[in-house]
Amino acid sequence: RDEAAALVCRAARALMDDDVKATGLKQLQGLIWREGYQAGRLTSHVYDDVPAALRRWKEAGLDVRIYSSGSVLAQQQFFAHTAHGDLRRYLDGHFDTTTGPKRLAASYRAIARAMGLPAGAVLFVSDVVDELDAAREAGMATALSVRPGNAPQPGPHPHPEIASLQEIDVGARRS
């Protein structure tokens, strides 16, 4: 039994080390995070501009959702336990890899359908150009978030770059 548990742990660590976006792995991470957050051992990091931007978007009546390779459970736990407090009240929903791979346009079309919006009415922000390319192919507006610590992205690319969520004009994206 201990040998089987050790094998599972090694396999999970190998997947994490390779940054594999496997749905089962992300669900396992969500369960582990939930335990850590509930025990008070974990606090989520968001950039300092995020709470104010989320609040501003919510006050403007925007439909704000998260699409992450982390499971919906992990996303909910993450936003519930930030150093800035519980930010879930500013979010209208979550999408994860059960919606589809983040580098396929069909996933972004599915998100727009789920939101009840034409893809052109959705702004997708990411720090990964390949994801933005897929969202743009689906018809969405896009913006590349350039932050300290992000992986360098290939260029040139057609996506406007932002260094802060405060740069997003809420008047342009009413739902």
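How many salt bridges does a search of the whole structure find? The search finds seven. The model is predicted.

**View 1**
The order along the sequence is α-α-α-β-α-β-α-β-α-β-β. The radius of gyration is 17 Å. A compact globule of 175 residues would come near 16 Å, so the chain agrees with that expectation. Along the principal axes, the C-alpha atoms fill a box of roughly 55 × 30 × 30 Å. Buried residues make up 40% of the 175. Take the contacts between residues at least 6 apart in sequence: 59% of them join residues at least 24 apart. The chain exposes about 9,800 Å². Carbon and sulfur atoms supply 54% of that area.

**View 2. Helix 1 and the residue Asp-19 that follows it.**
Helix 1 covers residues 2-17. Its 16 residues should span 22 Å at 1.5 Å a residue. Asp-19, after the helix, has a positive phi near 55°.

**View 3. A nonpolar patch on the surface, with Ile-32 as one of its members.**
Leu-28, Ile-32, Trp-33 and Leu-42 form the patch. Together they have about 330 Å² of accessible area. Ile-32 sits in helix 2, which runs over residues 23-38. The relative accessible area of Ile-32 is 51%. Exposed means over 50%, so Ile-32 counts as exposed.

**View 4. The salt bridge between Glu-35 and Arg-41.**
The two side chains meet with an N to O distance of 3.7 Å. Glu-35 and Arg-41 are both exposed.

**View 5. The salt bridge between Asp-49 and Arg-147.**
The closest N and O atoms of this pair are 2.8 Å apart. Asp-49 lies in helix 3, residues 49-59. Arg-147 lies in the loop between strand 4 (141-145) and strand 5 (161-162). The pair therefore ties together parts that are 98 residues apart in sequence. Are the two partners buried or exposed? Both Asp-49 and Arg-147 are buried.

**View 6. The salt bridge between Asp-92 and Lys-58.**
The closest N and O atoms here are 2.6 Å apart. The pair links distant parts of the chain, 34 residues apart. Asp-92 belongs to the loop between helix 4 (72-80) and strand 2 (93-95). Lys-58 belongs to helix 3. Asp-92 has 36% relative accessibility and counts as partly exposed. Lys-58 has 27% and also counts as partly exposed.

**View 7. Ser-44 in the loop between helix 2 and helix 3.**
The relative accessible area of Ser-44 is 3%. Buried means under 20%, so Ser-44 counts as buried. Which residues does Ser-44 touch, not counting residues up to four places away in sequence? Ser-44 touches Tyr-37, Gln-77, Phe-78, His-81, Thr-82 and Ala-83. Val-64 is 20 residues from Ser-44 along the chain. The C-alpha atoms of Ser-44 and Val-64 are separated by 19 Å.

Terms used:
Residues are numbered from 1 along each chain as its sequence is written. This is a predicted model: local features need pLDDT of at least 70, side-chain atom pairs count only at pLDDT 80 or more; totals for chains, interfaces and linings use all residues. Side-chain values use heavy atoms; hydrogens and water are left out. Patches are made of residues with over 30% relative accessible area and no salt bridge: like charges are joined within 9 Å, nonpolar side chains (Val, Leu, Ile, Met, Phe, Trp, Tyr) within 5 Å. Accessible areas come from the Shrake-Rupley method with a 1.4 Å probe; for residues, only the protein chains shown count as cover. A salt bridge is a side-chain nitrogen of Lys or Arg within 4 Å of a carboxyl oxygen of Asp or Glu. Helices (H or I, at least four residues) and strands (E, at least two) are DSSP runs, numbered from the N terminus. Buried means under 20% relative accessible area, exposed over 50%, partly exposed in between (1.4 Å probe, protein chains only). The radius of gyration is taken over C-alpha atoms; the globule rule is 2.2 Å times the number of residues to the power 0.38. Contact means heavy atoms within 4.5 Å. The expected span of a helix is 1.5 Å times one less than its number of residues.
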